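This briefing is for a reader who is new to the structure shown below. It starts with terms and then goes through the sheet, the helices, the cores and a few single residues.

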Amino acid sequence: MSLPDRIDPRPPRRIYRWDLDKTYLQTDFDSLRDLLRTAFQKAHEKVAVPGASALIRELSEQGDSRLCIVSGSPKQMRAVLEEKLKLDGVKWDEFVLKDNVGNLLRGRFRALRGQVGYKLPAILESRVHAPVEAEEVLFGDDAEADAFIYSLYADLIAGRVDERVLSQVLEAGGVYPDDAERVRAAWKKIPVSDPVRRIFIHLDRLTPPAQFSAYGPRVVPIFNYFQAALVLLADGHLTAPQVLKIAVEMVQTAGHNIITLSNSFQDLLRRGLPLQQAAIALSQALEGPNRLLAAMRPMPDILSAFSKRLAALGTPPPPPPVQAVDYVKLIHHALPRTHKGRNKATEE
C-alpha cells in the first residue's frame with residue numbers, strides 16, 4: 001500500500017481572530033508624531049500588550065486551532081510585523097493588512113480610516129473556507145469599531161441580521177460599493193451557523209465597560225489579558241495551569257502583582273461573568289502536586305495569597321439575558337470621529 005504524497009492538517013476546531021494595533025501591540029497613532037514613530041519602529045522596538053503573546057501561545061497548544069490576524073496596519077509594515085510576531089513566538093495561519101497605498105491612489109479617502117468596509121469583508125471571506133462546526137473567539141480593542149464589526153459579523157453568519165439591515169449599515173458606514181459587494185458575496189457563501197463564542201475588547205482607552213452593554217454578554221471588555229484568560233478558562237478553551245502561566249508571565253514581565261490580578265478577577269465578577277468554577281479550578285491548580293507548575297513559581301508568596309483570595313470570592317450574579325443588537329443605531333457610534341457629520345458625497 002502506497003503512502004499519500006502529503007498529510008493535510010486536521011480541520012480547525014477553533015478559530016481565534018486578532019487585531020494587532022492596541023489589541024496585540026501597544027501602539028500610539030493619535031498624532032502625526034505617533035504615526036511616524038510607529039511607522040519607523042523596528043521589530044524589537046515594538047511592545048506587545050502584557051499577556052497577549054502568552055495567551056496566543058497557550059491557545060495554540062491543542063494543535064487544532066487557527067490564528068487569523070486582520071490588522072488596519074498598512075501592507076508596507078508586513079515584514080517588521082511578521083518579525084515581531086516571530087520574536088514573540090507567535091505562529092499565525094492568516095495575516096491580512098490594509099492596502100492604504102492603493103486606497104490613496106484610487107482616491108478612497110474614507111477607507112484610510114474606515115474599518116467596517118475593510119475588516120467585515122476580510123473576516124467574512126476568511127470564514128467562507130472554515131469548517132461550519134469551527135467555533136470562533138475574536139479579539140479587538142476600543143480604539144476603533146471592533147466591537148461593532150465583530151458582533152455584526154457574528155450575527156450575520158448566525159442569520160440574525162437580514163439584507164435590509166445590512167444595507168442600511170453599509171450605507172451609513174460609508175462603505176464603498178465594491179467592498180459592500182464583497183460583504184454580500186462572502187456572506188451568501190457561508191452556511192448559517194452560530195460559531196462566535198466570545199468577543200474580547202481590550203480597553204486600551206479605558207472606555208467604561210458599560211458602554212459595550214448594547215452588544216450583549218458575548219462581548220467582554222477587558223482591561224488586561226489575565227481577564228481574557230479567566231473567561232476562556234470558564235469557556236473551556238484553557239486549563240487552570242495555562243491561565244497561571246499567563247499570570248506568571250504578566251507578573252514577571254509587566255509589573256502585575258497579586259493586587260492587580262485579584263482586582264481584575266473581581267472586576268469580572270462584579271460585571272456578572274460566571275467565573276466561580278474558574279476560581280475553584282485555579283485554587284486547585286495552585287495547591288496540586290504539579291512539578292511543572294511548581295517550577296514556574298518564582299513568586300510563591302504572591303500565588304499563595306492569590307489562592308486565598310480566590311477561595312474567598314462570592315457567588316456572582318447571573319449573566320444578563322441575550323438581547324437583539326440594533327446595528328443601524330450603533331453604526332453611528334462605531335464610525336471614526338472624522339466621518340461623523342461629514343457628507344459622504346463630498347469624498348466621491
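Helices (H or I, at least four residues) and strands (E, at least two) are DSSP runs, numbered from the N terminus. This is a predicted model, in which local features need pLDDT of at least 70, side-chain atom pairs count only at pLDDT 80 or more, and totals for chains, interfaces and linings use all residues. Residues are numbered from 1 along each chain as its sequence is written, and side-chain values use heavy atoms, with hydrogens and water left out.

**Overview**

- The protein has 16 helices and six strands.
- Buried residues make up 52% of its 348 residues; buried means under 20% relative accessible area, exposed over 50%, and partly exposed in between (1.4 Å probe, protein chains only).
- Among contacts between residues at least 6 apart in sequence, 76% join residues at least 24 apart; a contact means heavy atoms within 4.5 Å.

**The sheet**

- The six strands form an open sheet with parallel pairing, in the order S3-S2-S1-S4-S5-S6; two strands pair if DSSP finds at least two bridges between them.
- Strand S3 (94-98) and strand S6 (219-222) are the edge strands, each pairing on one side only.
- From one strand to the next, the twist averages 15 degrees; angles run from 0 to 180 degrees between N-to-C directions, and axes are lines fitted to C-alpha atoms, for helices over the stretch in contact.
- Strand S2 (residues 65-74) is joined to S3 by four bridges in the parallel sense, and Cys68 stands opposite Glu94 in S3.
- S1 and S2 pair in the parallel sense over five bridges; the bridge partner of Trp18 in S2 is Ile69.
- S1 and S4 also run parallel, joined by five bridges, with Arg14 opposite Glu135 in S4.
- In S1, five of its five residues are buried.
- Arg14, Tyr16 and Trp18 point one way from S1, and Ile15 and Arg17 the other way.
- In a regular strand the side chains alternate between the two faces of the sheet.

**Helices**

- Helix H6 (residues 116-128) lies across strand S1 (14-18), S2, S3 and strand S4 (135-141), and runs at about 155 degrees to S2.
- Helix H7 (residues 146-157) lies across S1, S4 and strand S5 (196-202), and runs at about 160 degrees to S4.
- The axes of helix H11 (residues 240-254) and helix H13 (residues 276-287) come within 9 Å and cross at roughly 80 degrees.
- H11 and H13 are therefore roughly perpendicular to each other; angles under 35 degrees count as roughly parallel, over 145 as roughly antiparallel, 65 to 115 as roughly perpendicular and the rest as oblique.
- Ala240, Pro241, Val243 and Leu244 of H11 meet Ala281, Leu282, Ala285 and Leu286 of H13 in this contact.

**Nonpolar cores**

- A nonpolar core is a set of buried Ala, Val, Leu, Ile, Met, Phe, Trp, Tyr and Cys residues joined through side-chain atoms within 4.5 Å.
- The largest core has 54 residues, of which Trp18, Tyr24, Leu55, Phe139, Phe200, Tyr225 and Leu275 touch the most other members.
- Helix H10 (residues 225-234) gives the most to this core, with eight residues.
- A second, separate core of 42 residues includes Ala147, Ala186, Tyr215 and Ile331.
- Beyond its neighbours within four places in sequence, Phe200 is in contact with Val137, Leu138, Phe139, Gly140, Val220, Ile222, Ala228, Val231 and Leu232.

**Single residues in loops**

- Lys22 is in the loop between S1 and helix H1 (32-40), and counts as buried at 2% relative accessibility.
- The phi of Lys22 is near 70 degrees, a positive value in a residue other than glycine.
- Leu206 also has a positive phi, near 60 degrees.
- Leu206 sits in the loop between S5 and S6 and is exposed, with a relative accessible area of 60%.
- Most residues other than glycine have a negative phi.
- Arg160 is in the loop between H7 and helix H8 (163-172) and is partly exposed, with a relative accessible area of 46%.
- Leaving aside neighbours within four places in sequence, Arg160 is in contact with Ala154, Asp155, Asp194 and Arg218.
- Arg160 and Val192 are 32 residues apart along the chain, and their C-alpha atoms are separated by 9.7 Å.
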